[in-house]
Amino acid sequence: MSERTDELRKSLLRAPKNGYDRISAAERTEMERYCKDYMKFMDAAKTEREAVSYTVEQAEKAGFVAFVPGMKLAPGMKIYRNNRGKSAIFAVIGKEPIDNGAQIVASHIDSPRMDIKPNPLYEDAGMAYLKTHYYGGIKKYQWTTVPLSIHGIVAKKDGSVINVRIGDEPTDPCFIVTDLLIHLSADQLKKPTAEAISGEALNILFGSEPIADDEGADRVKLAVMQLLNEKYGIIEEDFLSAELTVVPASPAREIGLDRSLIGAYGHDDRVCAWASFEPLLTMDVPAHTAVCVLADKEEIGSVGVSGMQSQFFETFMADVCEALQGCLRRCLERSFCLSCDVSNAYDPIYAETCEKRNNSQINYGIALCKYTGSRGKGGCSDASGEVMGRIRRLFDDNGVVWQTAELGKVDQGGGGTVAAYMANRNIDTLDAGVPVLCMHAPMEVVSKLDCYMTMKGMKAVYND
Ligand code: MN
Ligand code: MN
């Protein structure tokens, strides 16, 4: 190898480097601090409702105020709007006129799980169960025989709303979906994994002690209903207006002997939500107004009043524009949105599903995903070369370790994010986020370095 070709190689060829070869000692300390706070958020926020309560509480402590239409706004003001407790938007007003656009980061705070049906409670063979309907894309067999907790609310007929959270504390009881013993599984094991556990088999084991001194039917069901009534003051009919979800009971954990990874339920997409929210807490007055959107319902198509397709976003932005004597259309046209969502980290055990040259990899930083569709880029928001160029420059200028991502081989996978719905609003949008191993499983895995670099990237986007 001559000096000349060595020079050529360095100047012409792309040479991705592991993030650990690029991070300073001081940054590693900051990374650990950031990840500790992130894990705390994950243990507190296992549902979109809990994510909204937690972020709103943190924001208020940092000086954010609830925005009401008509409120006077000025540069440096920190505002938020809570959308029915299930999604939220936070903003820091910038120095530039709002017609010059906002710097937006949009992520989602809902994750795949099992929702309890409106008529859930039944008894069979001396055991009480709750029926569920799973939410989002799950491999059903992964959700059996793992400890589960129940989170959510019960809206009673008198208008009161009861908060429910059982199963996360070590002293709490938890719940489980049973699976068949191996000894009797000859037929089950012959089925494709998608069919081995049916949707109607995802029933939560809820109790087994029958009520005393009674010879009537459903004694176990009656006994657990009595316990629920004592603790929450609810009756069976109240399930009809409840929103209860079943999620893994385990807390976030450090993974690996070197503690370089984090295992938790719901990294997708709370790892990006936290990365986009946390920098706002300590932010100085930005040039452009910084907007952080925490959306719900991404896992089922960004639909509904709390999803990214809802007019809630326009309503908030229009009210902000009005307060700043600006025009919503002008503002959106000149805005930039980073759709912050996780990508699939390359897993060498399943190498055949990915194209290694274009897949994101653990510890190589935040992954920029030009498009998420497959088989001809179906249904995706394909960011322009110019937009990719702008973010390349921004991240390099700010010392953000980044890489590129593609969701599996061309004919294999594909997935959606909120990117398309932001782009539809005439906003330049790019997808980027943290690479995840075993996405949508009860425990997903991310690397601390990628979490930290994603936060650093979002900070750069807000300050661009
Ligand atoms: Mn996602
Ligand atoms: Mn997802």
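How much space lies in the largest pocket? In this predicted model, local features need pLDDT of at least 70 and side-chain atom pairs count only at pLDDT 80 or more, while totals for chains, interfaces and linings use all residues. Residues are numbered from 1 along each chain as its sequence is written, chains are lettered from A and ligands numbered from 1 in the order written, and side-chain values use heavy atoms, with hydrogens and water left out.

The answer is about 1,200 Å³. A pocket here is an open set of points on a 1 Å grid over the protein atoms alone, where a 1.4 Å probe fits, with protein on both sides within 12 Å along at least five of seven lines; lining residues have an atom within 4 Å of a point. The volume is the space filled by probe spheres set on the points. Of its 45 lining residues, N344, L407, G414, M439 and H440 are the closest to the centre. Domain 1 (12–111 + 265–462) and domain 2 (113–248) both contribute to the lining, so the pocket lies between them; the domain bounds come from an automatic or database assignment.

H440 also takes us to the metal site: the manganese ion (ligand 2) has protein donors (N, O and S atoms within 2.8 Å of the metal) from D268, E299 and H440, at 2.0 to 2.6 Å. D268 bridges this manganese ion (ligand 2) and the manganese ion (ligand 1), with 3.4 Å between the two ions. Both E299, at 13% relative accessible area, and H440, at 18%, are buried (under 20% relative accessible area, 1.4 Å probe, protein chains only).

Notes. Donors are N, O and S atoms within 2.8 Å of the metal (3.2 Å for Na, K and Ca); water is not among the atoms, so sites may look incomplete. Buried means under 20% relative accessible area, exposed over 50%, partly exposed in between (1.4 Å probe, protein chains only).
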